[in-house]
Amino acid sequence: MSNVPPDWEVVIGLEVHVQLHTRAKVFASSPWGFGKEPNEQVDPVVLGLPGTLPVVNREAVEKSILFGLVVGAEIPERCAWDRKNYFYPDNPKNYQLTQKDFPVVVGGQVEIELPGASRNVMGEHKFIRIHHAHLEEDVGKLSHAGSGSLVDYNRAGVPLLEIVTEPDLRSSAEAEAFLRSLVAMLTQAGVADCDMEKGQLRCDCNVSVRRRGAEKLGTRTETKNLNSISSVRDTVIYETARQIRELEAGRSITQETRGWNAELARGYVLRDKEDAHDYRYFPDPDIPTLKISRETVTRLAKQVPENLYDRQRRYVEKLGLPYTAASVLVNDRALAEWFEAAVAAHPANPSGIANLVANDLLRDLAASAGAAGAFDEAAPAPVSLASCPIKPAQLAGLVKLTDDGVISKQQAKEVFAEMFKTGQDAAAIVDAKGLRQNSDTGELEKIVQEVIADPAVAKSIAEYRAGNEKAINALKGPIMKRTQGKANPVLIDQLLRKFLG
Amino acid sequence: MADALHTLSAAELGRRLAAGTLTSRALCEALIARHQAVNDKVGAFTHLDQADVLAQADASDARRKAGQGRGPLEGIPVAIKDNIAVKGQPLTCSSKMLAPLVSPYDSYVAERLRAAGAILYGRLNMDEFAMGSSTENSALRKTFNPWDLARIPGGSSGGSAAALAAGLVPLSLGSDTGGSIRQPASHCGVVGLKPTYGLISRFGLVAFASSLDQIGPMARSVEDCELLLNALASADARDMTCFGPSDRTLAAAGDAKKLRIGIPKGFLGKGVAPEVAAAVNAAVEFYRAQGCAISEVELPSADLAVPTYYVVATAEASSNLGRYDGVRYGHRSAVAGTPVEMMTASRSEGFGPEVKRRILLGTFVLSAGYADAYYVRALRARAKIRAEYLAALAGVDVLLTPTVPTPAFKVGEKASDPLQLYLEDIFTIPANLAGLPAISVPCGKSGHLPVGFHLVGAPLSEVKLLAAGRLFEAAHGYAHQQAAL
């Protein structure tokens, strides 16, 4: 955690570049994906061959709109693209198609949750406003090899949604929480995969500091191209400390563009304001203004999943889940939906189901996949439920068997392990292992009466009737013996008391 | 008589091919012979792959024999301006920058021509990246006006017009950003049509100014021009500025003798050569005599067209030509250094002076602090010009003017005076700014040099323009004219 002196306040705004989950590139029909040979995923349009023209990928626009709906943004009636002109070899046309004046998403907000005092305690919630999000094309990758340079255009033209926040974040923890929340929302809605190791989410981080209580914002710096949540956190901590140090030493902050060296954990100056590019923006004449029909917006609105924190509140307030279990479940939409399917099959005990899912199931799934956190080292990676051997209704069946007293909680753990191994129903395992408790009242009544009639226990009966509660236990042994230990102990106790009463 | 084939219209060639009295191979062999005799004098073509042409001709003849002919253009050669992509053929834009480039893909129009059975016949010279009005800006070769080899053929589609006037090919494709089809058509005595913006897909047309560029047909008669247009105009999802299938309905021709013709006030005055004015006035009188209603119309912002054009077109060009940097294709400088230094050197070496002039101008008018004063104002002026043209065309069917104020000038005469050269397009530019269809039709001579008149119509009124042109050419002897070489 950062140690910002109490009389200083840090102000942070983020520009998050997210590669959208689409089959084709944003202005070309060429597919894209990770791990291909260099320049395998290109076509004449991607390479900017003379005479080629962009055609807007409808899927990319719809994913952008879906993001907007997820964060409660306004979806404008129309959006348009502009050309951002600059010369660099990774840029096939030497202009980038972006949206300067008419972005596809305007406004919206992202709810975040700060860490609580402990893992079991919910932290503070805040809303971070989104200024806008615009849909643009990614560029290629330039690398230097020996005396020359190599360029790979596989990434060029990948749809990139740039999400720009208002300067609402006030700490590195808030920046971290924002990115976690954003990633959860993007992945849960199927807008993006956000795999940071594959460069699917990159961040520009604007930081300024001011004396607490001051209204005017301080001069900000922008640190570009951060490719992990920890880099954003570290950049904020580093940049906050640096700016405060400069200002306290009587120097001023230069408005500049900076880079971040994650290995050295240091920032460095890329260029100052005087070197800022003149991008010569103008409306792209190849792409007419795109009308976004309200029918499209209505259709996409149906795809918006329940908000992460609305779900969390529902689990705690309506289903009575402990915060810890709820917070684990809502982080992964598929897991939450799996959980809800199980609850639907056995609505009487959501907490019992939640505990098995959040603890046993997650643990075993993680162990079987050997999964590590890919996009965020501090949060668990989404597990694959596709390969989960237990179906929701089966887990519900297990919890119901416990709730009905057919097996004990201890036995339930054993049955769960067997279910995960074999995919069998809990009842089948209980029967095969002979775990089922005998709860047949008629049969047990007969046995109980036989045992009571046995002169060998007459002494214990007399003691019980004389007021020695514990004496009743001496009758249970013979009953268990006659039922090979399967008699439901709760039921036996009831029956004994009834007949001796 | 084989050597007469080069004088025939595409329509007549089509009839002979259909009748079986002519094969595409015989036609192509005759045109190749003509090419060998004449092209060096005229310089219309920059490239002709004879073996490929004959292979296409044989394939066409085989299709026809098998009863699989593809329509009226089956077996007929169409020559293509060197800024339109044809797979496997050079795509140089007459620039040193792209001189090494062979296109790996077909443009939309090349696909359409193949689908129509046409022979994709050679590459035509042009002003570098279509920037110019004389074809003198070609980095590859000079093209001369077949009617007077000391004079320019016009431009930028100078090769397209000169090839027709020299009998090198019956049909050609040009592109028109500010008059680049119509002005050379006028200077070479042929017909050139710039369609409504969006009628023909620009996919595969190397962009000069994307919001103004259109591909169009050129021929020695209005009938042939229409034949070629019909093969090209359909929807294409690869160009978002191209009309979709449902909104590209062309206006009906109607009775050409009942057309309402507007004469823009002042257009026949200052700067128009007397012989040009006389020929165009004679055309006006012809239409009046046919029964057309002639009236004068006001286009008060017409004077803004040329300055507006040179801001909009150069702004777009400065960005469109950014991609030529030696990294992926085209000319790469031998200068070693950082990637950006290599790009800079490649561009400095690869572009000619007129292209550099326009890139500089376009970069300037878009730059921070100047964009509002130039680019944004030019967009407003453009909207005003378009509104005035549409308003005028609400009252008349077509506007009639000269295509070019003066006949073809001598090679080198205006090379040092770009501003004077820019005025060549004063009558043709507004149609591009307003996205309107326009045609140049031959209507006489100034001495030995052809003169054309210019018709502009409302969006999608191509058929009306062609009908008006046919009415004129049926009564005059300018169709099918060729220079004696």
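These legends describe close-up views of a predicted model.

Local features need pLDDT of at least 70 and side-chain atom pairs count only at pLDDT 80 or more, while totals for chains, interfaces and linings use all residues. Residues are numbered from 1 along each chain as its sequence is written, and chains are lettered from A, with ligands numbered from 1, in the order written.

**View 1. Domains of chain A.** Chain A splits into domain 1 (9-277), domain 2 (305-432) and domain 3 (441-500). The bounds come from an automatic or database domain assignment.

**View 2. Domain 1 of chain A against domain 2 of chain A.** Their centres, taken over C-alpha atoms, are 35 Å apart. Contacts join 20 residues of domain 1 to 13 residues of domain 2 (C-beta atoms, placed from the backbone, within 7 Å). On the domain 1 side, strand 6 (109-113), helix 2 (172-188) and helix 3 (229-248) each give two or more residues. Helix 2 gives the most, with 6 residues. Helices (H or I, at least four residues) and strands (E, at least two) are DSSP runs, numbered from the N terminus.

**View 3. Helix 12 of chain A crossing helix 15 of chain A.** The axes of helix 12 (residues 441-453) and helix 15 (residues 489-500) come within 10 Å and cross at roughly 55°. Axes are lines fitted to C-alpha atoms over the stretch in contact, with angles from 0 to 180 degrees between N-to-C directions.

**View 4. Residues between helix 12 of chain A and helix 15 of chain A.** T441(A), L444(A), E445(A), V448(A), Q449(A) and I452(A) of helix 12 meet L491(A), I492(A), L495(A), L496(A) and F499(A) of helix 15.

Technical notes:
Contact = placed C-beta atoms within 7 Å.
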